[in-house]
Amino acid sequence: MTETPDIVDCVIEDPRWEDAALPEHAARAALAVCDRLGLDPAAFEICVMGCDDARIATLNTEFRGKPTPTNVLSWPAEELAPDDEGATPELPQVDPEEALFGPAELGDIAISWDTCAREATAGGLSFSDHVTHLLVHGILHLLGYDHVRDGDAELMEGLETEILGKMGIADPY
């Protein structure tokens, strides 16, 4: 039996995430993204915090100047976004010397139970599928993908749809 790399460190601030199996969803999403992009999941680590709307609103205010809750926030450890619209981001490189000390950090993600539940209900989606989509979305942000410019959005959304499809999750767009 092959052991699954321990790519995700989960911090559960809202106990509802424990019943929702956030660590399993996060690991599954991270492994699917790594597989699609050809990254070795054993070489990287992501921290995912499961929180509520109050906590994510505080973070959204502090880091984005938007005093409202949101579904997911991402903080990449390294800026990988390309300058040219619609270009594919550079993949993170692992320094062999630094790898001796453990996996390289890709960054941090916060995800709100309340907003995810509201959006899933409003969209007629399963909570599990919606959370997995948002985690794939957040991980792609850590890897330099974005959706502010049209060309970047087209690239990111296409990749999300492809990854989710391989996971058996319908196109969220």
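Modeller: The secondary structure of the protein chain comes to seven helices and four strands, where helices (H or I, at least four residues) and strands (E, at least two) are DSSP runs numbered from the N terminus. From the N terminus on, these elements follow the order β-α-α-β-α-β-α-β-α-α-α. The radius of gyration, taken over C-alpha atoms, is 16 Å, close to the 16 Å that the globule rule (2.2 Å times the number of residues to the power 0.38) gives for 173 residues, so the chain is as compact as a globular protein of that length. This is a predicted model, in which local features need pLDDT of at least 70 and side-chain atom pairs count only at pLDDT 80 or more, while totals for chains, interfaces and linings use all residues. Residues are numbered from 1 along each chain as its sequence is written, and side-chain values use heavy atoms, with hydrogens and water left out.

Asp83 is found in the loop between β3 (72–76) and α4 (96–99), and at 72% relative accessibility Asp83 counts as exposed (over 50%; buried is under 20%, with partly exposed in between, using a 1.4 Å probe and protein chains only). By contrast, Leu159, in helix α7 (residues 150–166), counts as buried at 6% relative accessibility.
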